[in-house]
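Subject: Handover of a structure and notes on its contents

Dear colleague,

Please find below the structure that I am passing on to you. My notes on what was found in it follow directly after it.

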Amino acid sequence: MLIDAALALHDNRLDIAERLLRGYLKRDPFDARAIRMLAELAGRIGRNRDAETLLRRALELAPGFNAARANLAIVLYRQNRAVEALAELDTLLAIEPDHPGHANLKAAALGRLGGFEEAIALYERVLASAPAQPKVWMSYGHMLKTVGRQADGVAAYRRAIAIRPALGEAWWSLANLKTVRFDDVDVAAMTAQLDDATIGVEDRFHLDFALGKAWEERGAPDRAFAHYAAGNALRRAQISYDADETTRFVDTIAATANSSFFAARAGWGCQAPDPIFVLGMPRAGSTLVEQILASHPLVEGTTELPDLPALSRRIADYPAGLATLTADRARELGEEYLRRAAVQRRTDRPFFVDKLPNNWAHVALIRLILPNATIIDARRDPRACCFSNYKQHFARGQGFSYALEDMGRYYRDYVRMMAHVDRVQPGRVHRVIHEALVDAPEPHIRALLDACGLPFEAACLSAHRTERAVRTASSEQVRQPIFRGGDRAWRPFAAHLATLEQALGDVIACYPLAPDAA
């Protein structure tokens, strides 16, 4: 039965594998091999906490079961628990020091914690001993890009493609640099791979996104949009996203966190002013705002921290459950956020930026547990912003971004949420309008610094010169002087965007003002 379960798992027949494994474990609940297989199944369907529990049980039964420990490290990494993943990987590497998979995952975990140079050195050691590993070359390229070594990153991506021409993610990684232009040879190579019916879905949608960029650069919007639409459709079919759920979430926040809610909780939470939350829609200029702030000697730029969403998941019946928190619990959550964020800190600067865009959904939680934190809403023209998201393949999350109607509704709900916050907590959110910032940087940068309680710093006017690691899709753009141009990129595609415009509704006409929340 265990062999049959393994074969079903190999063939991705998960329902059959689960039935066989559960039946086997009823008869022999102490078989660590079967427990590990059930954990792998849980991981494949996104039940990472269940997978973790199972793997820890397998290791209790068989402490030397290295394959289970390696799986546990992966599951911890997927849950953004890089410190714990590193502990498991160090145990594994002490036993199997030359194992390239362990070293590769350790490098990725180090990168997630900001240990970029150590991660790069580790990738180089892995590649020196195992150079024919296209995905390791690609991961190495990601890390080089993050620290600003663009030419080396491009070379690493090219090396990955040379080893495996169908590796769609490597092609997309080149496109995602935003500053690399594909030549005719590249376009022909990607098209040839896409024409191969045997390539997998993941390679296929990455190639579509990359070819979309290539044809957009050639001034062929219809051909480009066909690739963007194909890539998005493939990706949308793989994920579960319910636009109604986002709408209900905003409705619940508006009903729960009203003016009287905050008045009754004045003085609650952790009073530390350290965090500066830069939030809003992805692709709305938040990386530029972070780069400007990180150019100030009192502010540290970190990354898109996963900690606030993680804390929200620990509140029963969230977001309505905000009303059940006590003053002590609100303070504890604020303090815990600071402890978790400290893992990403590398300096002793008094303030730090958390630029996870989707934190817009948690502004009420921020105001409750960290009332002295600064909140910056980075906002961009709805059509420009949404189309930029549609062209972007995100490594994880952002399930709303793969269908134009979902995208328009998500943007609209975001605007509703922020309008509600403006009403019930007036003056607590500073809004940066992207087009205004790039048109007249100095007055808007001065206003931004003033909103953060920071003295003016001339270095913030030339933020592109600030050397720091940037992990987001705008990593190369923010290393250039502030420019305007991306705001008009959607216009050649206007004929294809009727569904988006219908979903956005009056948000287009009201921009940059926020319509009242319902």
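In these notes, two residues are in contact when they have heavy atoms within 4.5 Å. Please bear in mind that this is a predicted model.

I begin with Asn 359, which sits in the loop between strand S3 (351-354) and helix H20 (363-369). Asn 359 has a relative accessibility of 0% and therefore counts as buried. Which residues surround it? Setting aside neighbours within four places in sequence, Asn 359 is in contact with Phe 277, Leu 279, Leu 308, Pro 309, Asp 354 and Ile 366.

Helix H12 comes next. Within H12 (residues 184-194), the residues Asp 186, Val 187, Met 190, Gln 193 and Leu 194 are buried. Viewed down the axis of H12, these buried residues fall within an arc of 130°, so they line one face of the helix. An α-helix has 3.6 residues a turn, so residues three or four places apart point the same way. Asp 184 and Val 185, on the other side of H12, are exposed. The packing partners of the buried residues of H12 are helix H10 (150-163), helix H11 (168-176), helix H13 (201-217) and helix H14 (221-236).

How many disulfides does a search of the whole structure find? The search finds zero. Cys 460 is in no disulfide, and the nearest cysteine sulfur, belonging to Cys 452, is 9.5 Å away. Cys 460 is buried, its relative accessible area being 1%. For Cys 510, the closest cysteine sulfur is that of Cys 386, at 15 Å, which is too far for a bond, because a disulfide requires the two sulfur atoms to be within 2.5 Å. Cys 510 counts as partly exposed, at 26% relative accessibility.

Sorted by class, the lining of the second largest cavity has seven nonpolar, two polar and one charged residues.

With kind regards

Key:
Residues numbered from 1 in each chain as written. Predicted model: local features only at pLDDT ≥ 70, side-chain atom pairs only at ≥ 80, totals over all residues. Heavy atoms only, no water. Buried < 20%, exposed > 50% of the residue type's maximum accessible area, 1.4 Å probe, protein only. Nonpolar A, V, L, I, M, F, W, Y, C, P; charged D, E, K, R; others polar. Helix = DSSP H or I, 4+ residues; strand = E, 2+ residues; numbered from the N terminus. Arc of directions from axis to C-beta.
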